[in-house]
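Thanks for making time for this.

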Amino acid sequence: MVSPADFTATGEIDLPEGCIRCELTVSRDGVVARDDTRKLLEWSAHEISDVLRDDYDLLVTNTFDERQFNLRRFARRTDELEVALRRVRANALCALMAPPGVSVRNVFEATGDNPGLLYRHDDGLRWVPHGGDCWARLYSEIGDVRFDANEYALVITGPFGTTRLRGLRRLSRELASETGRHIRQAREQFADALEAAGLPWSEEAKLGVLHSHVPFEATEARLDQLAEATLICDARRDYWELLRAEEAIERLALSLVGDTVRVVALGRARDGEFYEPLSEPDHACFVFECVDDVVQAWTEVGFRREPVFSPLERDPAAALARVLTSLRSAREGLLRRIIHDSPTHWRERLF
């Protein structure tokens with residue numbers, strides 16, 4: 001993650017107990033205010049919800065509650081302080097969206113009506129605005145990208161919808177070209193992984209008919225081909241056979257995560273839609289109101305489970321859910337978890 005320069009300066013912080021002279025430090029971990037004798041305030045970076053500017057005053061709001069604090073009398077360093085607060089917040093949220101170990105290549109600032117920071121990672125683009133919802137678009141799921149000369153906008157389209165990003169000025173044209181190149185590379189990598197697994201779908205992957213991470217129809221022919229491949233793990237073979245016997249698999253989602261192709265079966269459950277990982281033995285089956293929410297959410301939280309399933313109300317995942325639509329919908333739509341104790345018991349709870 002690209003770290004902001006640490007900021008330390010002396011000014012005033014306006015708290016419920018009064019306006020107090022303090023030393024304020026902003027670092028990658030968050031913001032800390034101290035006076036001569038004690039720590040007055042400490043917020044993690046993901047707790048920063050908003051930073052509002054009024055001349056030389058800054059009003060900072062907490063993500064989880066109504067707490068606020070005013071920062072005053074930082075004089076000529078107010079501009080630097082505002083940038084530092086916004087950057088550590090954006091860095092924290094972006095880190096929650098990216099897979100561990102995926103590098104940030106560049107950070108671009110967008111201005112205009114919806115200012116924010118665009119992060120270019122090895123696997124895609126991630127956007128954190130100063131206010132409003134974040135998003136992530138992976139090269140492997142994007143259908144097309146173009147530069148809109150009329151609005152100087154970067155326009156990204158694909159099965160997960162259309163995303164328009166303005167305010168990057170001339171960088172939009174360059175990013176459109178660069179992103180197109182990464183999309184082609186991601187398709188080639190997905191096609192090669194499918195071929196290595198014994199699936200005859202590589203040409204469809206190269207043409208963008210099949211996308212990594214994006215569900216597609218589970219026809220009988222495709223299910224037969226998947227049965228002959230090497231992707232379904234032994235611990236899930238009986239459950240796979242049961243789902244096939246029930247004709248319950250409506251769609252499949254294959255994701256290339258690192259060097260591994262991850263297989264998930266999707267279909268109707270008794271009270272919602274099931275999400276059944278077939279290539280990994282350490283995942284339970286989950287039932288959601290709408291499984292498309294969690295499919296997209298996985299791509300926007302780095303394929304980590306904690307953001308989707310963490311029940312805590314004040315942890316980083318909860319902060320991210322407030323600004324990431326797919327994650328918010330997935331968390332709200334989670335109905336139940338079904339363990340794989342035996343195929344018979346599992347089937348009874350699922351259907």
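This is a predicted model: local features need pLDDT of at least 70, side-chain atom pairs count only at pLDDT 80 or more; totals for chains, interfaces and linings use all residues.

Residues are numbered from 1 along each chain as its sequence is written, and side-chain values use heavy atoms, with hydrogens and water left out.

Let me begin with the pocket, by which I mean an open set of points on a 1 Å grid over the protein atoms alone, with protein on both sides within 12 Å along at least five of seven lines. The largest pocket has a volume of about 460 Å³, a volume being the space filled by probe spheres set on the points, which are joined across faces, edges and corners. It is lined by 20 residues, lining meaning an atom within 4 Å of a point, and those closest to the centre are Asp122, Asp123, Gln189, Leu256 and Gly258. The most comes from α2, with 5 residues. By class, the pocket lining divides into 10 nonpolar, 8 polar and 2 charged residues, where Ala, Val, Leu, Ile, Met, Phe, Trp, Tyr, Cys and Pro count as nonpolar, Asp, Glu, Lys and Arg as charged, and the others, Gly among them, as polar.

At least two lining residues each come from β16 (251–257), β17 (260–268) and α6 (291–300), with α6 giving the largest share, 3 residues.

That brings us to α6 as a packing partner. Two packed helices are described by the angle between their axes and the distance between the axes. For α6 and α9 (residues 325–333) the angle is about 130° and the axes are 8 Å apart, the axes being lines fitted to C-alpha atoms over the stretch in contact, and angles running from 0 to 180 degrees between N-to-C directions. That makes α6 oblique to α9, since angles under 35 degrees count as roughly parallel, over 145 as roughly antiparallel, 65 to 115 as roughly perpendicular and the rest as oblique. The crossing is left-handed, meaning that the near helix is turned anticlockwise from the far one by less than a right angle, with clockwise giving right-handed. In contact (heavy atoms within 4.5 Å) are residues including Asp293 and Glu300 in α6, and Ser326 and Leu327 in α9.

Next, which helices does α5 pack against? One of them is α10 (residues 343–350), with α5 (residues 237–246) at an angle of about 45° and the axes 10 Å apart. That makes α5 oblique to α10, and this crossing is right-handed. The contact of α5 with α10 divides into 6 nonpolar, no polar and 3 charged residues.

Another is α4 (residues 220–228), which packs with α5 at about 165°, with axes 12 Å apart, so α4 and α5 are roughly antiparallel to each other. Their crossing is left-handed. From α5, the contact draws on Arg237, Trp240 and Arg244, and the contact residues of this pair divide into 4 nonpolar, no polar and 4 charged.

Conventions
Helices (H or I, at least four residues) and strands (E, at least two) are DSSP runs, numbered from the N terminus. On a 1 Å grid over the protein atoms alone, a cavity is a set of points where a 1.4 Å probe fits but cannot get out, and a pocket is an open set with protein on both sides within 12 Å along at least five of seven lines; lining residues have an atom within 4 Å of a point.
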